[in-house]
There are 2 protein chains.
Amino acid sequence: MPRFFADETSVCGDKIIVSGSDARHIGYSLRMKIGDEIIFAREGLEYRCTIAEMTADSVRCSIIKTVPSDCEPSVSVTLYQALPKSDKMGMIIQKTTELGISRIVPFVSARCVSRPDAKSAEGKVRRWRKIAEEAAKQSGRGIIPEVAAVMSFEEALKDISADIRLICYENGGIRIAEAGIDSKKSVAVIIGAEGGFQRGETEKAAEYGAVPVWLGRRILRCETCPAAVTAVIMHISGNL
Amino acid sequence: MPRFFADETSVCGDKIIVSGSDARHIGYSLRMKIGDEIIFAREGLEYRCTIAEMTADSVRCSIIKTVPSDCEPSVSVTLYQALPKSDKMGMIIQKTTELGISRIVPFVSARCVSRPDAKSAEGKVRRWRKIAEEAAKQSGRGIIPEVAAVMSFEEALKDISADIRLICYENGGIRIAEAGIDSKKSVAVIIGAEGGFQRGETEKAAEYGAVPVWLGRRILRCETCPAAVTAVIMHISGNL
């Protein structure tokens with residue numbers, strides 16, 4: 001059944017009213033008709049609807065049933081990702097969204113080659129949010145993971161509030177299996193860009209409670225690591 | 001330290017002689033000199049060498065020490081991957097190589113959109129082998145994972161010899177945690193293309209001992225699934 005995300009303003013009592021590109025997608029691309037069933041998700045809820053009215057640029061749906069989304073993992077994982085080169089951030093956001101990430105915080109670390117100015121960063125974040133929405137839709141998520149504005153390393157560390165805090169470090173650390181992950185704890189994972197982290201940065205992260213995690217002897221590309229770690233956290237917490 | 005793979009003919013007694021693109025890479029791109037240390041890997045062995053002689057198109061190295069590669073996982077995983085659309089197979093090979101896959105067998109299933117003829121398949125396989133070699137080099141593997149020629153679904157099933165045989169199936173199955181994976185068993189994982197598998201195909205796979213595995217309620221893209229499953233298998237078997 002087709003799935004869309006509803007925004008704050010589109011849920012009105014027992015109706016959901018959509019306009020813009022979603023309405024055109026429903027009417028023109030999917031060729032849906034009055035009476036067809038459709039699902040809207042919003043903040044972990046799933047609205048099962050039927051289409052009640054359609055105009056050229058809006059679709060009015062009647063909510064038949066509201067249920068908690070059963071597609072969301074029980075564990076909340078935030079990825080703190082140092083900006084990689086070229087378009088890798090988009091791929092990281094797409095893959096980790098499919099795998100169940102809750103929030104992505106892009107940041108700039110000492111070894112980042114990519115250092116966008118404020119205006120360019122804003123444009124990138126807008127694009128990454130679109131990628132998160134598309135990936136959430138395609139994979140059947142109950143929420144769209146939040147993509148935060150680009151932060152400095154220090155701001156990113158101050159942002160962390162998770163129960164378990166990990167920083168991936170190629171020079172050694174505990175194994176993920178030893179991190180105490182279970183289905184009830186929130187997890188923050190800090191991952192570097194191409195050049196990894198400087199020693200001073202892992203020390204700084206330790207002041208904020210982040211424990212170095214070592215992913216074994218094979219060196220993962222910076223865009224492979226986030227999906228691999230998210231998959232393993234979802235597995236350990238019983239969500240994969 | 002720079003790492004390369006040695007082929008069968010390049011190891012001669014206590015010398016390793018390389019020519020062609022690797023020799024040019026060592027001499028011109030890396031600007032290495034006589035006396036510099038370099039590592040060659042071959043079939044799970046690591047040859048620690050120093051450069052003894054260099055000409056315009058060959059490099060002669062003296063083997064100082066031969067040790068078993070400590071970068072290879074203890075578990076042997078073969079990925080049987082139905083051909084996805086566009087260039088996704090290259091990405092799948094790159095990511096799973098970094099994560100420690102042993103062998104990749106591309107095959108054509110009922111729902112594959114990509115159905116290359118013999119000549120085009122040969123070209124693709126050559127390119128995929130190059131990708132496997134590059135990813136093995138970059139991630140520090142002790143072997144280059146074998147990329148087999150493109151097979152039919154039935155040929156792929158007949159090819160399987162692993163202890164544990166799994167087929168990823170979005171309509172249900174056991175969880176990976178229940179598959180009995182440990183560090184000593186070989187694992188075969190069968191993964192579909194964009195449209196997944198037809199029921200008849202999973203039934204056919206069952207005749208060859210393949211158990212359906214279900215990866216949870218979030219639908220993974222066909223190129224996300226192989227890296228996620230390989231990461232989780234490496235984790236369960238103590239290799240990540």
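Reply: Contact here means heavy atoms within 4.5 Å. The model is a predicted one, and under that criterion 32 residues of chain B are in contact with 32 residues of chain A. The size of an interface is often given as the accessible area lost when the parts come together. For chain B and chain A, the area buried between them is about 3,100 Å², and carbon and sulfur atoms give 55% of that area. On the side of chain B, the residues that lose the most area to chain A are Arg218(B), Arg221(B) and Leu240(B). Together these three account for 25% of what that side buries.

The rule finds 6 salt bridges across the interface of chain B and chain A. A salt bridge joins the side chains of Lys95(A) and Glu223(B), with an N to O distance of 3.1 Å.

Which helices of chain B each supply at least two residues of the side that touches chain A? They are helix H2 (88-99), helix H3 (118-139) and helix H6 (225-236) of chain B. The largest share, 6 residues, comes from H6(B). By class, the side of chain B that touches chain A has 14 nonpolar, 8 polar and 10 charged residues.

The sheets complete the picture. In chain A, 6 strands form an open sheet in the order E1-E4-E5-E6-E3-E2, with mixed pairing. Its edge strands are E1 (3-5) and E2 (11-12) of chain A, each of which pairs on one side only. Strand E3 (residues 15-19) and strand E6 (residues 58-68) of chain A run antiparallel and are joined by 5 bridges; within this pairing, Ile16(A) has Cys61(A) in E6(A) as its bridge partner. Helix H1 (residues 20-29) of chain A packs on the sheet, touching E1, E3, E4 (37-42), E5 (45-54) and E6 of chain A. The direction of this helix makes about 95° with that of E3(A).

In chain B, an open sheet of 6 strands has the order E1-E4-E5-E6-E3-E2, and its pairing is mixed. Strands E1 (3-5) and E2 (11-12) of chain B stand at the edges with a single partner strand each, so one side of each has no neighbour in the sheet. E1(B) pairs with strand E4 (residues 37-42) of chain B in the parallel sense over 3 bridges, and Phe4(B) stands opposite Phe40(B) in E4(B). Helix H1 (residues 20-29) of chain B lies across E1, E3 (15-19), E4, E5 (45-54) and E6 (58-68) of chain B, running at about 95° to E3(B).

Definitions and conventions: Residues numbered from 1 in each chain as written. Chains lettered and ligands numbered in written order. Predicted model: local features only at pLDDT ≥ 70, side-chain atom pairs only at ≥ 80, totals over all residues. Heavy atoms only, no water. Buried area = accessible area lost by both parts, 1.4 Å probe. Salt bridge = Lys/Arg side-chain N within 4 Å of Asp/Glu carboxyl O. Helix = DSSP H or I, 4+ residues; strand = E, 2+ residues; numbered from the N terminus. Nonpolar A, V, L, I, M, F, W, Y, C, P; charged D, E, K, R; others polar. Pairing = 2+ DSSP bridges. Axes fitted to C-alpha atoms, helices over the stretch in contact; angles between N-to-C directions.
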